Amino acid sequence: MSIVPEGNNQRNIDRFSGYGDTYDRYRPAAPPLVTSLLSGYLQHRPELVLDLGCGTGLSTLIWKEHADQVIGIEPNDDMRSVAEFKLERLNDSAHVRFISGYSNQLAVGSETADMITCSQSFHWMEPSSTLLEAARVLKPGGIFAAYDCDWPPTLHWQVEQAYEEVINRADDIIRKLLSQEKRAVKRDKEKHLASIQDSGHFRFTKEIVFHHAENCDAERYFGIAMSQGGVQTVLRLNSNELDEDIERFKRIVDDFFQGKTLQVLFSYRMRLGVK
């Protein structure tokens, strides 16, 4: 096993092992607005985009047509292997690659990147050292952007309530079965903007809220909940304490969708800083 650099948490990395295919199948890809919005702030086509904690590449591959070079950086081998598998099947993708790495120890030169993104990932990173490294790597005028999707996706209050009950129940089980030193450390997303502001590395900071609608059937809505790390952690612990909650949630989802494909709303919050 490679040495994990100081400031990183092996438990946070291990949390994403074993369900890369499920994650990639059901989670939404980053919406197209991300590339147009950030490129608009940059005011030119980025030469190099780094996507930190890129997982299965859902937030990396959106840059394929919009940047000269794209590097997805992911320390979890299972997640990264899914991204690499997808990349092998794409045409005209020689300028995109996935590498193992950590947000506070990037294997790129100083002032070489136009854009650094963290999609659904910054809350798993140590913010101070990550932002310090981002400031080293970004060119003057370069952009750091951490963006996250709200869970659950917006559909109907009863379905969303059942979704939240499963997630909360999973968290309760984890707290009961795992001591604090064995749990992953998830930071408060609401503090992202303050972390960027307080770092002192950025001349301009802002929070941007946007939405993206997608078609969704019952299988996918259920699958999104099952792709949540807390649910997967309970399943890996071979606990059956969540089984009834999962079955109840599935019944509610199936009853609501009635075999139809419906439109759901994914809401995003982006916190960015301009170096």
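Predicted model: local features only at pLDDT ≥ 70, side-chain atom pairs only at ≥ 80, totals over all residues.
Figure 1. R89 lies over the face of F85, at a distance of 3.6 Å from the ring centre. A second case involves K250, whose charged end sits over the ring of F222, 5.9 Å from the centre of that ring.

**Figure 2. The ring pair of Y163 and Y221.** The count of aromatic pairs comes to twelve. In one of them, the ring centres of Y163 and Y221 are 5.9 Å apart and the planes stand at 75 degrees; an angle over 60 degrees counts as edge-to-face, so this pair is edge-to-face. Y163 lies in helix 6 (residues 157-177) and Y221 in helix 8 (residues 218-226), so the pair ties together parts that are 58 residues apart in sequence. Y163 is buried, with a relative accessible area of 1%, and Y221 is buried as well, at 0%.

Figure 3. With ring centres 6.1 Å apart and planes at 85 degrees, F256 and F257 form an edge-to-face pair. F256 is partly exposed, with a relative accessible area of 30%, whereas F257 is buried, at 0%.

**Figure 4. Strand 4 and its pairing partners.** Strand 4 spans residues 113-119. Seven of its seven residues are buried, so the strand is largely enclosed by the rest of the structure. Strand 1 (residues 48-52) runs parallel to strand 4 and is joined to it by four bridges; here L50 stands opposite I116. Strand 5 (residues 138-149) also pairs with strand 4 in the parallel sense, over six bridges, and in this pairing S119 has Y147 as its bridge partner. Together with helix 5, strands 4 and 5 make a right-handed β-α-β unit.

Figure 5. Q120 is placed in the loop between strand 4 and helix 5 (127-137). The relative accessible area of Q120 is 14%, so this residue is buried, the limit being under 20%. The side chain of Q120 reaches the backbone nitrogen of C149 at 3.0 Å. Leaving aside neighbours within four places in sequence, Q120 is in contact with Y23, Y147, D148, C149, W151 and K189. Of these, Y147 is also the bridge partner of S119 in strand 5.

Methods: Residues numbered from 1 in each chain as written. Heavy atoms only, no water. Helix = DSSP H or I, 4+ residues; strand = E, 2+ residues; numbered from the N terminus. Buried < 20%, exposed > 50% of the residue type's maximum accessible area, 1.4 Å probe, protein only. Polar contact = N/O pair within 3.5 Å; in protein donor to acceptor, adjacent residues only side chain to side chain. Contact = heavy atoms within 4.5 Å. Pairing = 2+ DSSP bridges. Right-handed = clockwise from strand over helix to strand, strands pointing away. Phe/Tyr/Trp six-rings, centres within 6.5 Å; stacked < 30°, edge-to-face > 60°. Lys NZ or Arg CZ within 6 Å of the ring centre and 35° of its normal.
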